[in-house]
Amino acid sequence: MSLLRNLCTSLITHERLITTLPKAKELRPFAERVITLGKRALAAEAPEAALHNRRLAAAYFQTGNTNRIPDGGYKRPRAPRTAGVSALDKLFSDVAGRYTDRPGGYTRILKLGSRRGDGAELALIELIGSEAKPAHEEEKKQEKKRRFFGRKKGEKKEEAEKSPEKKGAKKASAKGDTETKGAKKKTPSEGKSTSRRTKKSDSE
């Protein structure tokens, strides 16, 4: 029963849910009974009847804060509303009003195939009419930190187009460095050759 309450709370809150196929089949009549109670509460003329149906529907969701103080109490912050309380509010304010002209069949089950880990059959259960609404707002994905030497393909071209003068200056400086290095390398060899010649002349 606790499992069905949790699933029903998530279904009413997000209007679609991915779970295993046996759970979806058990959840379907459980969730449709709640929506029927919401429709009865909206159609009831007496406020006592509407309140009675609301209390019956509350048993199908997660329990709220039993020790919740309405005003927060003295120097106490107000306790946050649980998911069951918000799902109950959404049922009576939004979901139940959609199906006033529909006699039943408020949910749809779509098979999604087997799960990769344990091979269980997955299914998508959703409220009919909610396919046009996005399930969750797309969260902005944080850009992954690249390594120090990692660059994208287009970055090198952009840098070359933006700073051709800097690139030419770097090449010139590189050429100058190679020339100086070559000159430094030649000097010890020259010194060796001269020293050999002087030794030969002395011996002669």
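**Close-up views of a predicted model**

View 1. Buried means under 20% relative accessible area, exposed over 50% and partly exposed in between, with a 1.4 Å probe and protein chains only. Strands (E, at least two residues) and helices (H or I, at least four) are DSSP runs numbered from the N terminus. The model is predicted, with local features needing pLDDT of at least 70 and side-chain atom pairs counting only at pLDDT 80 or more, while totals for chains, interfaces and linings use all residues. Residues are numbered from 1 along each chain as its sequence is written, and side-chain values use heavy atoms, leaving out hydrogens and water.

**View 2. Partners of β3.** Five bridges pair β1 with β3 in the antiparallel sense; two strands pair if DSSP finds at least two bridges between them. Leu17 has Ile125 in β3 as its bridge partner. β2 also runs antiparallel to β3, joined by seven bridges, and Lys111 is partnered by Ala123 of β3.

**View 3. The β2–β3 hairpin.** Six residues lie between β2 and β3 in this hairpin. In the turn, Gly119 has a positive phi of about 80°.

**View 4. Helix α1.** The buried residues of α1 are Leu4, Leu7, Cys8, Thr9, Leu11 and Ile12. They pack against β1 (16–20), α2 (21–43), α4 (83–98), β2 (107–114) and β3 (121–127), where contact means heavy atoms within 4.5 Å. Just after α1, Glu15 takes a positive phi of about 70°.
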